[in-house]
Amino acid sequence: MLKLTKTRTFLTANHERFRLLPLSQLAAIADTQETSLKSQTHTQKPLESHPSLHIDPKYFVSVLLNCKNIFQIKQAHAQIVANGLLTNLFVSNKLLYIYVQHKAIDEAHVFFGGMREKDPVSWSVMVGGFAKDGDFVKCFRTFKELTRCSVQPDNYTLPFVLRVCRDRMDLLMGSLVHGVVLKSGLCWDHFVCAALVDMYAKCRVIDDARKLFDDMHKKDLVTWTVMIDGYAESGNAKESLVLFDWMREEGIVPDKITMVTVVNACSKLGAMHKARFVHDFICSMKFSLNVILGTAMIDMYAKCGSVDFAREIFDGMREKNVISWSVMIAAYGYHGQGKKALDLFPMMLNCGIMPNRITFVSLLYACSHAGLVDEGFELFNSMWDKYGVKPDVKHCTCMVDLLGRAGRLDEALKLIENMTVEKDEGLWTAFLAACRIHKHVELAEWAAKSLLLLQPQNPGHYVLLSNIYANAGMWEDMAKVRNLMTKRNLKKIPGWTWIEVDNKIHQFSVGDKSHPLSKEIYVLLKSLIEKLELAGYVPDTNFVLHDVDEEVKVGMLYAHSEKLAITFGLIATPEGTPIRITKNLRVCGDCHTFIKFVSAITKRSIIVRDSNRFHHFNEGACSCGDYW
DNA sequence: ATAGGGTTAG
């Protein structure tokens, strides 16, 4: 019955010579060979095959499905050739797919090239293979070839090419594909539309993603998840949570992956009530914490201000990976508990987890936040020798930060001069901060100019440089920088501060008057400032003059978004509880001083998070070392 | 026969 059982060598379509195994041995490849043969004879009708062949193609498909490695696939491939089954698209498409599934993309490509007959499935599998492999060029080349062979792009190929656009964040190509989608009339297809939403969301064109999303008549869980994540990633975590509520109202039941993105949104928001709610929700769904969900929750609690809750989750996790450990270390770090962060390191090694680049960033960062200079140096020096992790810019930045805070500017400078890796924005920013503490104008100017050269489109750098000139009384230079900024049509990135009260997020911008309690807030802020000034607070007007927009300068000198949020916090949160605020950018020096005085006078503890740093204020002191 | 969403720093 079998066409070939004797051992001989054979040329596959890929022109490789194989010692062909007898079918009896090939069968051993497939674990489930017996069951699949049985089920085939007893329950399923054999597929129609070429009249001259006696072997059922389905048999080869089941062999292919059970291949464990490339070698086995090639053996099966050879047998398929030997049995003349290549002409069977059912079999050859499966073979192509199996090559792709085992990431043997080159083999797949060669085989694909040699296929005499290709149907839309063959094309999709190949396009998808390149997409999953991240090979943008070959993915598009194949896609173009497909259209040239007058095959219609279908609801399988289009999501694949959109996927590769998404992974590269290539909005231009993505919109071009969107054009193809419109022409193909497939814009109402479920998968195609979801892929478009995903592409736009990941390219941070969240409004376009939303438009498509709103027009979808059937939104499934994956699309909701993509949308929720998209909002969180593009800085609107509040909307993520709104969508999450809406999704449940629509009767869609979230799964663990959705919850990861929701947890992530809470991290970004730093809203503790929301965090608790989401945690309770996860418990009520009886979701067990896998590594990813658990790690996301550690991060959430840490960024919502409670390292202790974060640690509870951490301790309760059965499986932890490098990321879980790094997140926990970082959490202690930005809460100013450097010692605890460092204690975790040997524990992690004991568990057999090897540190990576980010682990070291977290460790060094923890050192700089807690002023642990010697410990930091030791880690920095040992990371390559002991753990094989090469120090990069980020690690150098932590060291510059550490040395700068410790007042060792000259050593920081030496480190920068001896660096072999390319210097980036963060490095110059850290060095600049150190120069400003030590009032070293020339070096500060050098750092700020480097920043400007590196990112001429970032308005923040212009503001920095002009502030340096202003502080040094170099008015002409200052004017030049401001002019350059106007000429290049750059505007300052707006800063926002928000505060969560009774499960609601209240958001403020500079001089904001949109809040319902705006009147009360301004009245209290005014009298508060008077009290603070009596206690010795001197507003840093220099900073205000150059850092805040013109209209603010005139009428509302003291209406920074942080100050508005704090004042509202004093009104709306019960005494004895800490006031927690979050800002999307760094808190300026003036506000830092302001908050210190507020915490001294009102005896309230205040926790400020700016981007991903925490400042704990208590009775007029800040835990994380003064930077201003 | 082929298909999508998730974790860390800066």
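Q: What is the handedness of the crossing of helix 27 and helix 28?
A: In this predicted model, helix 27 covers residues 459–471 and helix 28 covers residues 475–487. The handedness of the crossing of these two helices is left-handed.

Q: Is helix 27 roughly parallel or roughly antiparallel to helix 28?
A: The two helices pack with their axes 8 Å apart and at an angle of about 165°. Angles over 145 degrees count as roughly antiparallel. Helix 27 is therefore, relative to helix 28, roughly antiparallel.

Q: How many nonpolar residues are in the contact of helix 27 with helix 28?
A: From helix 27 the contact includes P459, Y462 and L465, and from helix 28 it includes M478, V481 and R482. By class, one residue of this contact is polar and two are charged, while the number of nonpolar residues is nine.

Q: Is helix 7 roughly parallel or roughly antiparallel to helix 9?
A: Helix 7 (residues 120–133) packs against helix 9 (residues 157–167) with an axis separation of 9 Å and an angle of about 15°. Angles under 35 degrees count as roughly parallel. Helix 7 is therefore, relative to helix 9, roughly parallel.

Q: Which residues of helix 9 make the contact with helix 7?
A: The crossing of helix 7 and helix 9 is left-handed. On the side of helix 7 the contact is made by W123, S124, V127, G128 and A131, and on the side of helix 9 by T157, F160, V161, R163 and V164.

Q: Is N489 buried or exposed?
A: N489 lies in the loop between helix 28 and strand 3, and its phi is near 60°, a positive value in a residue other than glycine. Because N489 has 7 C-beta neighbours inside 10 Å, it counts as exposed.

Q: What is the phi of D502?
A: D502 is placed in the loop between strand 3 and strand 4 (504–509). With 8 other C-beta atoms within 10 Å, D502 is exposed. Although D502 is not a glycine, its phi is positive, at about 45°.

Q: How far apart are the C-alpha centres of domain 1 and domain 2?
A: Chain A is divided into domain 1 (219–306), domain 2 (412–493) and domain 3 (508–622). Between domain 1 and domain 2, the distance of the C-alpha centres is 38 Å.

Q: What percentage of the residues of chain A count as buried?
A: Chain A contains 33 helices and eight strands. Of its 628 residues, the share that counts as buried is 44%.

Note on methods: Residues numbered from 1 in each chain as written. Chains lettered and ligands numbered in written order. Predicted model: local features only at pLDDT ≥ 70, side-chain atom pairs only at ≥ 80, totals over all residues. Helix = DSSP H or I, 4+ residues; strand = E, 2+ residues; numbered from the N terminus. Buried ≥ 20, exposed ≤ 12 C-beta atoms within 10 Å, placed from the backbone. Domains from an automatic or database assignment. Axes fitted to C-alpha atoms, helices over the stretch in contact; angles between N-to-C directions. Parallel < 35°, antiparallel > 145°, perpendicular 65-115°, else oblique. Left-handed = near helix turned anticlockwise from the far one by under 90°. Contact = placed C-beta atoms within 7 Å. Nonpolar A, V, L, I, M, F, W, Y, C, P; charged D, E, K, R; others polar.
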